[in-house]
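Dear colleague,

I am handing over a structure to you with this email. Please look through it first, and then read on for what was found in it.

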Amino acid sequence: GAVSGQGAFDINGRTVTNNGRVDILDPVDFLGPATSSFINNSSTAYLKYTKQASFPGALLTATAVGNTVEFSAAGAGPYTIGNTTNYHHVIVGGASEKRLAVATNIAGNLTISSGATLNVNNNNMTIGGNWVNNLGGTFVKGTRNVTFNGSTNNQTIFSPAGAAGENFYDLTINNTFAGGTVTASGNITITAGRTFTMTSGIMDMGTFSLRETAAGGRYAATGGELRLAGLTTLPELTGAYTLTGGTTTFNGAGAQTIRSEFYYSVNVNTSGGSGTKTMAGAVTVSGNLTIGAGTLDVSASNFGLTVNGNWSNTGTFVPRNGTVTLNGSGTQTFTNAASETFYGLTGNATGPFQLGVGTDVMVTNTLTMSSGDFDLNGRMLTLGNGAVATLVRISGTMYGGTFRRFLASSTAISSSAAP
């Protein structure tokens, strides 16, 4: 029910258990000593607080799955929302600015209503459900991190309309639900010089932008997958990249440009998408490179591509006159049932470099064996395409299959010296 009038709702050291709805309406005071407790005790429990004052400290327990707390004071403000650290659903309403008093974990949804303002007040936030701020409210990011950490559910970030969308200082995606996805429903902006971090789960930007307030937005990952479908140069963050794990996926329905960077694993059109993805400069992939539908093109500038993990291609690779360098620390496998063609191919790692099941490889210009063996695995590696090509061998052998090479008709062939 509603508590209204001119007096006070004084718990007086007792415990109030709410399994329904309680509205504490301005100007009623909500009182009680430190020994008092108000518990939102069930999924249907709802507490609405509109008193034009900060919420009393350490009174509220609101961790029950599905319960909701609404802070909707009007007036000048600003007002803090108390010292409670854990909520399920939270709604911020009313015209006054609401401020966090402590680092806050919201296990369910955060909704910022039309005309309302939420200020983190230099406190970190974690969100286990959806972020709803497309209703005309305002989020004041301060200088703290927001983490999306759903563990039993997918999540959606509903951003305000406009180019900037939702503006975060630091943003972390750590969804641990099996196949868990955080989906952007609007653009997202990271503060210049601050960091977007992937640790677990999928961040699906769709065609929306993951951008920066100014040059210098950083991208870090130890796990998870960032999916980008915008038809521009991606990622749009231009600061330092520190990618020691995880995957960056380019899955736009058309042409995309891949920023020249050091990535961990890279997917091209593996989760939908089509068209050509063109490198904007040299690219290093510390993990695996997977080309699904569509095309990966090194561009007319013939940029170099370095891969330290496995190569899997069920689409198209356009090598032009570029060189692919294999630079891993263990077995690296090529997989392309339609065969793979390179212009220049350099093996410069411990190896072996292994042709996958059903995979033949052709090098049309230069094969450089700097370090590591080639395990042909019952398949064929061809050097040259009906014309002479160059073999530069410093170290390593080929074994386990067929090596075919095109030579000039005048070339002397010896069993003890390579031509």
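Three strands, in the order β3-β6-β8, form an open sheet with parallel pairing, where strands (DSSP runs of E, at least two residues) are numbered from the N terminus and two strands pair if DSSP finds at least two bridges between them. Because β3 (15-18) and β8 (60-61) stand at the edges with a single partner strand each, one side of each is left without a neighbour in the sheet. Strand β6 (residues 37-40) pairs with β8 in the parallel sense over two bridges, and F38 stands opposite L60 in β8.

Please keep in mind that this is a predicted model, in which local features need pLDDT of at least 70 and side-chain atom pairs count only at pLDDT 80 or more, while totals for chains, interfaces and linings use all residues. Residues are numbered from 1 along each chain as its sequence is written, and side-chain values use heavy atoms, with hydrogens and water left out.

As for the whole chain, it has 51 strands and zero helices (DSSP runs of H or I, at least four residues). Its radius of gyration, taken over C-alpha atoms, is 29 Å, well over the 22 Å that the globule rule (2.2 Å times the number of residues to the power 0.38) gives for 419 residues, so the chain is more spread out than a compact globule. The C-alpha atoms fill a box of roughly 105 × 35 × 30 Å, taken along the principal axes.

Of the 419 residues, 49% count as buried, meaning under 20% relative accessible area with a 1.4 Å probe, protein chains only.

With kind regards

Notes: Buried means under 20% relative accessible area, exposed over 50%, partly exposed in between (1.4 Å probe, protein chains only).
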